[in-house]
Amino acid sequence: MFQPELETLPRHQLEALQSERLREQVAYVYERVPFYRRMLDERGLEPSAIKSIQDIHKLPFTRKQDLREAYPFGLFAVPREQIARIHASSGTTGKPTVVGYTKGDLEIFAEVVARSLAAAGGRPGMMLHNAYGYGLFTGGLGLHAGAEKLGMTVVPISGGMTERQVMLIQDFKPEMIACTPSYAQTLAEAFRARGVAPEEISLKYAVLGAEPWTEAVRRSVDEGLGVASTNIYGLSEIIGPGVANEDVNEREGLSYIWEDHFYPEVVDPETGEPLPEGKLGVLVLTNLTKKAMPLLRYWTGDLTFLTREPGPSGRTHARMAQIRGRTDDMLIVRGVNVYPTQIEALLQEIPEVAPHYQIVLSRQGTLDEMELKLEVAEPFFRGLGVPALSEENVEADPRLSHLRERVGRKIKDHVGISVRVTLLSPGTAPRSEGGKLRRVLDLRKQG
Ligand code: DLL
């Protein structure tokens, strides 16, 4: 639901609200969470030293490691009996990161998701096909509660069983879909394979997030499903989805951060110093209202920049750019820092290839090898007149061998590393089954 009284609050009033909430929150965690009491005591910081939101930089960062060390419930600020729900996000290794919500927190969660869905084009009475995973992941239940709060009809389909999803979309005729961008691509392909044209699909809006994506992916989803897709951003540590969302009438890659609940900063990844608007750095978020497990200055690891320029919609809340990568999914290949999203952005500029790829890293002797398995675009493929791509026909056909060279050269020129390019037929790169798509296969880590 659009909450104009909050979303268009003049900035000085928004800051006054944030100051009041931050003061309360710091006193609250100091009182209730031994971890925060220790952190502040060690720095000789009294909660009363935090007078306004401008003082926030005096507080230390909270990091994922702190959540791991407090596993499972060590950062809860309320007795376990007052926790209404638990979520967790699976780490790449070891134990998951656990988060908890009071009843009141679940209300806030539903409210920010409802606000996000409204910004994305959702309205009461519309039907939402919710293909985010249900379970410990915050996506499914988070979108679900927000959509109910907005007054939508929710279809809790969760991820997977694509054929069944296609059938239910055709039969139920939802206006909106929520899923990962990679799964939206999977669905678009499934419709195409059934010979269903985008105009015949009832969907009008798509709310995509939980993994990084680009404008090329947006185009392919918009065209493939006949929708206007917007970005939804969030993380379980802070609440789940609904920290920020793009406005469906803007769609310039800038998402409004619901600043009355989450205070955003962007800091230098090396020094932790606050960066000016427009400068790319690590997003740091503070929970201003959550009560079960509020985090102060949480180091998200997500790379973005902020702008406080009011957007065309009239909202005054800060906007964040599409996530450019994470400080910790940075790949180091032969000493060069590489972000998968950086490769994806380069691929966008080559119309003969599709935004479906996988990066495979391996080690030959002591040297890193990077292979890019990349699908060619459908129209280009049709023009080739071959049933499928193979090593042989890529070698033999100059259209393919030139394309392969061009992709390799572009990456070498921009990123500075040599990459072996393998061209694939459309539909053969790994696809999302509803969850997050792993685009990088790092075989160097094994053995
Ligand atoms: O992915 C919450 C979510 C669910 C967001 C559904 C949007 C939609 P986690 O599993 O804790 O929570 O993963 C959080 O995913 O720190 C980002 O690195 C990444 N991420 C989430 N949304 C986006 C996005 C959910 N829109 C981590 N663009 C975050 C890029 C995203 N990355």
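# Close-up views of the predicted model

**View 1. Polar contacts across the boundary between domain 1 and domain 2.** Eight residue pairs, both members at pLDDT 80 or more, are in polar contact between domain 1 and domain 2. On the side of domain 1 that touches domain 2, helix 8 (181-193), helix 9 (215-225) and strand 15 (325-326) each contribute at least two residues. Helix 8 gives the most to this side, namely six residues. Sorted by class, the side of domain 1 that touches domain 2 holds 11 polar, nine nonpolar and eight charged residues. The model shown here and in the other views is predicted.

**View 2. The salt bridge between the domains.** The count of salt bridges between domain 1 and domain 2 is one. Glu189 pairs with Arg431 in a salt bridge, and their closest N and O atoms are 2.6 Å apart.

**View 3. Extent of the interface between domain 1 and domain 2.** Domain 1 covers residues 1-328 and domain 2 covers residues 330-446. Between the C-alpha centres of domain 1 and domain 2 the distance is 31 Å. In contact across the boundary are 28 residues of domain 1 and 17 residues of domain 2. About 1600 Å² is buried between the two domains, and carbon and sulfur atoms give 48% of this area. Of the area that domain 1 buries against domain 2, 22% is supplied by Gln185, Glu189 and Thr214, more than by any other three residues. Glu189 is also the residue that forms a salt bridge with Arg431.

View 4. The side chain of Asn231 places an N or O atom 2.7 Å from a nitrogen atom of the ligand. For Glu211, a backbone N or O atom lies 3.3 Å from a ligand nitrogen atom. The side chain of Arg326 has an N or O atom 3.3 Å from an oxygen atom of the ligand.

**View 5. The cis peptide bond at Pro72.** The bond from Tyr71 to Pro72 is a cis peptide bond, with omega near -10 degrees. Pro72 is located in the loop between helix 4 (64-69) and strand 1 (85-89).

**View 6. Backbone of Lys173.** Although Lys173 is not a glycine, its phi is positive, at about 60 degrees. The loop that contains Lys173 runs between helix 7 (162-172) and strand 5 (176-179).

Conventions:
Residues numbered from 1 in each chain as written. Predicted model: local features only at pLDDT ≥ 70, side-chain atom pairs only at ≥ 80, totals over all residues. Heavy atoms only, no water. Domains from an automatic or database assignment. Contact = heavy atoms within 4.5 Å. Buried area = accessible area lost by both parts, 1.4 Å probe. Salt bridge = Lys/Arg side-chain N within 4 Å of Asp/Glu carboxyl O. Polar contact = N/O pair within 3.5 Å; in protein donor to acceptor, adjacent residues only side chain to side chain. Helix = DSSP H or I, 4+ residues; strand = E, 2+ residues; numbered from the N terminus. Nonpolar A, V, L, I, M, F, W, Y, C, P; charged D, E, K, R; others polar.
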